[in-house]
Amino acid sequence: MTPVLRETVATALALLVFSVVGAGLLSGTFILTHPKIERSEQADKRILVAQTLPTGSYDNDLIRDARPLAPNPMLGLKRPGLTYPASQNGQVNAVVLESVAPDGYSGEIRLLIGIHADGRVAGVRVTAHKETPGLGDYIDLVRSPWIKQFDGLGLGNPPPEQWKVRKDGGRFDSRAGATITPRAVVKAVRKALEYFAAHKAELLAPNPAQPTSSQEAKP
């Protein structure tokens, strides 16, 4: 074997060893940190989901009782999502829907929309967005209370023609120079209410694993 070939083989072996060791370290780090990251994400989601509903209005574990949502254009879901039924004494009295506003200024705006059984908005929270900092990010509650203006509203209040930002002749506030973002959120909330109205019976059905009060009373 020539010196050049020996050097080439040695370099290749060294690279292989470094690659194997590096992959092992990365894999080990992932295995060690993934459970912590997953728990942190679950905790963050639990907080945001809970914020869309009145305190004390349910007694179940929203995350544990989550149900799958099929992809649906009314919710802006291109992939499966989740709905979180909120129940008290086994009776579902509200749901939290995952929704996506696809037409934000900088892309998708991911939302959680809480809806009472009577079709009124319980609360809306933004879970992810890429809107311009300092301009369109006021939809996030940590930046502004803007998102709270949906609380208590429904499909008939305001009327359909007023489910727009004021610049478009509707009732919802927006900031000058940043109307694309709120316009997308208003539209997504309205569509989520329409989805709820069309699937109300299914969304409010009791959790099979959680009997209703009448079922509990049976011998």
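## Strands and their pairing

Two strands count as paired if DSSP finds at least two bridges between them. Strand E4 (residues 107-116) and strand E5 are joined by 6 bridges, and they run antiparallel. This is a predicted model.

E4 and E5 form a hairpin, with 4 residues between them. The turn holds Gly119, which has a positive phi of about 90°. Across the pair, Ile113 stands opposite Val124 in E5. Strand E5 spans residues 121-128 and is mostly covered. Of its 8 residues, 6 are buried.

## The whole sheet

Now step back from the hairpin. The sheet is open and has 5 strands, in the order E1-E2-E3-E4-E5. Their pairing is antiparallel. The edge strands are E1 (67-69) and E5, and each of them pairs on one side only. From one strand to the next, the twist averages 30°.

What holds strands together in a sheet? Strands pair through backbone hydrogen bonds, and the pairing may be parallel or antiparallel. In a regular strand, side chains alternate between the two faces of the sheet.

At the E1 end, 3 bridges link E1 to strand E2 (residues 81-88), again in the antiparallel sense. Here Pro68 stands opposite Leu82 in E2.

His116 belongs to strand E4. Is His116 buried or exposed? Its relative accessibility is 17%. The cut-off for buried is under 20%, so His116 counts as buried.

Which residues does His116 touch, leaving out those up to four places away in sequence? They are Pro54, Asn93, Ala94, Val121, Ala122 and Phe196. Leu204 is 88 residues from His116 along the chain, yet their C-alpha atoms are separated by 9.8 Å.

## An aromatic cluster

A search of the whole structure finds 5 aromatic pairs. One of them joins Tyr138 and Trp146. Their ring centres are 5.8 Å apart and their planes stand at 85°, so this pair is edge-to-face. Trp146 also pairs with Phe150. That pair is edge-to-face too, with 5.6 Å from centre to centre and 85° between the planes.

How exposed are these rings' residues? Tyr138 has a relative accessible area of 1%, so Tyr138 is buried. Trp146 counts as buried at 8% relative accessibility. Phe150 is buried as well. Ring pairs link Tyr138, Trp146, Phe150, Trp163 and Phe172 into a cluster.

## Two backbone exceptions

Most residues other than glycine have a negative phi, and most peptide bonds are trans. Two places in this model depart from that pattern.

The first topic is a phi angle. Asn89 is not a glycine, but its phi is positive, at about 55°. Asn89 lies in the loop between E2 and strand E3 (91-104). Is Asn89 buried or exposed? Its relative accessible area is 51%, and the cut-off for exposed is over 50%, so Asn89 is exposed.

The other topic is a peptide bond. The bond from Asn157 to Pro158 is cis, with omega near 10°. Pro158 is found in the loop between E5 and helix H2 (180-198).

Notes. Residues numbered from 1 in each chain as written. Predicted model: local features only at pLDDT ≥ 70, side-chain atom pairs only at ≥ 80, totals over all residues. Heavy atoms only, no water. Buried < 20%, exposed > 50% of the residue type's maximum accessible area, 1.4 Å probe, protein only. Helix = DSSP H or I, 4+ residues; strand = E, 2+ residues; numbered from the N terminus. Axes fitted to C-alpha atoms, helices over the stretch in contact; angles between N-to-C directions. Phe/Tyr/Trp six-rings, centres within 6.5 Å; stacked < 30°, edge-to-face > 60°. Contact = heavy atoms within 4.5 Å.
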